[in-house]
Amino acid sequence: MRYQYLLFGLLTGLLGLLAALSAQAQPPAARTAGKATLTGTVLDSASGQPLREASVSLLAARDSSYVMFSITDGDGKFALRNVAPGRYYLLLTFLGYRNRLPPVLVAAGQPTVAVGELRLRAQSHTLGEVIIQQERAPVSLQGDTLAFSARAFKTQPNAAVESLLKKLPGVEVDRDGTIRAQGQAVNRVLVDGKPFFGDDPRMATRNLPADIIDQVQLFNQQSDQAAFNGIDDGQQQRTINLVTKRDKRKGYFGQNSVAAGTDGRYQTRLGVNRFNNGRQLSALGMANNVNQQGFADNGGPAADNGPAPGMLGGPGGGGGMVMRAPGERRNAPAANQPASSISESAALGLNYRDAWGKRTEVATSYLASRNTVVTDQQSRRETVAPPGAPGEAVQPLVTAQDAYDRTRTSSHRFNLRLDYRLDSLTSLRATPYLSWQTTAPQRRLSQQASVGAQLLNQGQSQYRGTDRSWAGAGSLLLMRKFRRDGRSISANLSPSLSDQTAEARNEATNAFFGPDGSATTRGLHQQLDQQAEGRSYQLNLAYTEPLSLRSKLELRASHRQNGNYANRAVRDYNDATGRFEELNPVLSNRFRGDFVAQRAGLTLQTRRLRYTYSLGFDAQQTTLRVRNYSADTLLSRRFTHLLPNALLTYNGSRNRSLRLNYRSRLTAPTTEQLQPVADNSNPLNVQLGNPALRPERSHNLVATYNQFNARNNRSVFLLLNALQVQDRIAAATTIGAGGAQTTRPVNADGYRNLTGFLSLGQRLPARQLNLNLTSNGSYSQGPSFVNGQANETRSWTLGQGASVNSTFNEKLEFGLSANVSYQAVRYALLPAQNAAFLSQTLTADVYYHLTPRLIISSDLWYRRNTGRAAGFNQPVALWNLALARQLFRNQQGELKVQAYDLLGQNRSLVRNVTDTYLEDVRSRVLTRYFLLSFSYQLRRFGV
């Protein structure tokens with residue numbers, strides 16, 4: 001209990017610190033003694049009219065560092081409060097006007113400093129652009145874009161962009177590189193408005209140096225078709241655009257390092273970037289066995305936290321506590337958690353971007369990787385069991401499992417974006433994508449199942465195979481504007497091709513026990529050959545017509561066709577001949593599924609000064625055909641749906657926005673869910689398809705409120721997400737007398753989910769502090785079936801977090817965060833299995849200059865769990881420590897010695913919650929090792 005009290009005390013202290021520091025942003029009179037308020041008015045020099053929403057920045061006179069920021073009101077007035085005595089500059093900026101930088105002196109004991117009227121002159125066209133950039137305001141509003149000047153947020157020498165982002169108000173970066181801006185996940189990072197290695201945010205934030213960045217822009221990016229025709233389709237991505245400095249757009253730079261350590265640990269990294277204004281060429285390479293990712297899932301090779309997905313499957317993995325939606329079967333890694341496996345990886349990436357003439361722009365990248373992931377897990381699962389005889393006590397089915405998986409994956413990925421302007425009104429965008437992958441899983445599994453003291457079964461299995469796949473996809477978007485403003489037509493063709501072949505061998509020996517303890521042993525030795533093909537395309541047509549200056553009508557139509565073919569052949573081993581000859585007709589199947597949908601609809605959109613709303617609907621006719629060649633059957637069904645949609649956005653003053661978005665969608669079942677064949681790779685837990693599945697229909701309402709107050713550097717973000725699904729594809733599990741389980745997907749109503757998230761951010765410039773408070777909660781209700789009886793699962797999650805980070809001075813940087821998460825789950829069919837559990841997490845990191853060239857850094861991750869099964873409640877403390885010496889004249893070199901898991905306590909403990917079971921998983925992970933590394937930062941600009 002002492003750990004729980006310690007963590008609770010730390011969290012309470014951190015919350016108290018945040019409250020005290022936040023209170024100092026608007027302190028009482030007793031706390032503001034000796035501090036002054038600067039007031040003034042910004043006017044047009046010619047007319048004398050006030051300039052509304054002009055940027056006013058206070059800079060320290062000694063080094064022009066950013067202190068605080070404000071904007072003028074409707075009368076051109078501004079006020080900067082709690083200014084300490086000293087010498088400053090006031091940086092005044094306004095679009096279309098010359099910047100002004102008057103000095104200001106704040107004397108001790110002076111409560112108010114009135115600088116009077118400050119007049120700005122209209123900017124002439126010959127004003128030097130470089131001077132404007134040197135005097136950019138630290139924080140500015142450019143329409144819907146929030147822009148941060150990088151020079152106002154100092155970083156350590158040789159720091160990556162990720163370090164810069166951590167200092168921006170309202171921006172958070174997790175341990176795994178995940179970025180959140182005002183509570184929203186950032187899914188795309190652009191460099192000078194163009195993709196950098198596809199859509200993987202971490203490729204830019206972890207490979208580009210912070211000192212080449214001039215400005216960080218934050219905005220919501222619409223889909224290509226919506227951005228073109230001006231009709232908001234509700235599809236937006238939180239996006240960061242990194243604007244590079246003009247003098248850094250020509251030259252060479254890169255990060256290069258080599259490291260070796262105890263227990264055979266190693267790490268190498270090579271990176272060279274050549275920028276020549278619009279032309280960019282990058283080459284990156286890496287190799288290590290310390291769980292460092294090559295590239296992320298959405299832009300390159302698979303991540304290192306579990307086997308890459310393959311046709312034949314394999315055990316999943318993850319770190320931390322994971323709440324899984326009803327019907328899901330695999331573990332999912334939680335964000336900001338240590339890995340739950342050990343990986344060795346190597347990767348190579350090439351990126352190219354250029355303009356070919358005046359009409360063509362191209363951006364392309366190639367990514368290759370090889371990963372070997374070892375997952376060694378022990379788990380305990382409690383599955384809902386059906387009621388027995390009246391009056392008989394019901395106990396859950398308990399399954400203990402020991403799984404070892406070694407998966408080697410080689411993958412190659414290529415993507416391209418080509419923009420071609422046919423004429424001044426017509427343009428074409430092509431975005432093809434191609435990947436191919438080879439996966440070789442090897443798995444050993446040992447498990448036993450029991451109810452109470454009664455042992456039901458024991459089993460051991462071995463599984464090894466090879467999976468080869470390739471996939472190609474992309475889109476071709478043709479956009480045409482007309483002479484009349486607002487009239488446009490666009491066509492988007494999105495084809496997709498895929499092919500997979502897999503071979504595997506599955507051996508298992510299972511023993512089933514009767515009530516008297518007698519055992520019946522069954523074995524299997526099988527060879528699996530599987531082939532899958534996918535062919536699909538979708539054509540979207542959209543036409544927009546302006547009805548007035550404020551209203552616009554969109555007419556659209558689409559045709560979508562998905563075709564999937566699967567051929568699975570399972571052969572039993574013949575002891576007499578020593579070969580796999582006998583086809584198993586129960587486990588073999590040849591199958592084809594086709595999903596065809598035609599849709600037509602319209603949307604009426606009205607834009608006003610502060611708000612925009614749109615109403616629309618689509619009529620969709622869907623045909624689902626399932627052909628079972630093995631059984632010579634054909635099942636064809638047709639569905640007709642009306643799918644409404646609505647959108648309301650309100651943009652208030654001072655960067656406040658409200659967004660309400662309602663969408664209804666259809667989701668077709670996958671080939672794996674439809675194919676009526678058993679997957680017995682684990683004979684004690686068989687998965688079976690269902691060709692009678694219907695498409696899911698979902699209703700989703702999302703409400704977001706976002707506010708950033710530039711006057712006091714305070715941000716607020718609120719998210720509410722409500723989801724209801726009809727014909728939800730849920731799990732129906734049958735548990736046999738011997739404890740073996742068969743799971744089959746079925747349609748069921750009654751799934752609901754409600755999620756809420758609140759983020760409060762505060763930056764205190766005088767102390768270089770970023771403060772963040774986060775609260776989250778969710779409720780989900782989902783159906784499932786156990787032995788034909790309906791079960792309803794309800795789960796609740798509540799979480800509270802607090803964090804603070806600071807570049808306190810030129811020597812010290814630090815960060816501290818704490819989080820408490822509570823989860824509860826209720827099972828209607830088995831109330832005895834209801835559970836509640838608590839997770840508490842503390843993280844801390846520090847970076848300190850002992851001397852100008854000697855640096856010590858440390859980070860700590862601590863977690864405490866309660867309410868889990870015995871043996872899965874151990875606290876976890878992961879402490880890393882490093883000492884670095886910077887070398888050479890420009891500090892471009894660094895020699896570092898670092899210790900990973902200094903306490904030797906690192907472990908991975910996961911709780912999975914689904915609609916039919918609770919599961920605790922313990923995984924073997926990397927433990928203590930030491931590493932000596934040398935790194936060199938290539939910097940050569942202007943050539």
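Predicted model: local features only at pLDDT ≥ 70, side-chain atom pairs only at ≥ 80, totals over all residues.

1. The largest nonpolar core has 36 residues. Those that touch the most other members are Leu165, Ile179, Leu208, Ile213, Val216, Ile240 and Leu242. Beyond its neighbours within four places in sequence, Ile179 is in contact with Leu165 and Ile240, among others. Its contacts also include Glu172, Gln184 and Thr205. A second, separate core holds 22 residues, among them Leu80, Leu92, Val104 and Leu118.

2. A nonpolar patch lies on the surface, with about 970 Å² of accessible area together. Its members include Val258, Val846, Tyr848, Leu850, Phe888 and Phe934. Strands E46 (835-849), E49 (893-900) and E52 (929-941) each give two or more residues to the patch; E52 gives the most, with 3 residues.

3. Leu850 is found in the loop between E46 and strand E47 (854-866). Leu850 counts as partly exposed because its relative accessible area is 43%, which falls between the limits of 20% and 50%.

4. Leaving aside neighbours within four places in sequence, the contacts of Asn273 include Phe196, Leu208, Tyr252, Gly254 and Ser282. The side chains of Asn273 and Ser282 are joined by a polar contact of 2.6 Å. Gly254 is 19 residues from Asn273 in sequence, with 5.7 Å between their C-alpha atoms.

Note on methods
Residues numbered from 1 in each chain as written. Heavy atoms only, no water. Core = buried A, V, L, I, M, F, W, Y, C linked by side-chain atoms within 4.5 Å. Buried < 20%, exposed > 50% of the residue type's maximum accessible area, 1.4 Å probe, protein only. Contact = heavy atoms within 4.5 Å. Patch = residues over 30% accessible without salt bridge, like charges linked within 9 Å, V, L, I, M, F, W, Y side chains within 5 Å. Areas by Shrake-Rupley, 256 points an atom, 1.4 Å probe, with all protein chains shown as cover. Salt bridge = Lys/Arg side-chain N within 4 Å of Asp/Glu carboxyl O. Helix = DSSP H or I, 4+ residues; strand = E, 2+ residues; numbered from the N terminus. Polar contact = N/O pair within 3.5 Å; in protein donor to acceptor, adjacent residues only side chain to side chain.
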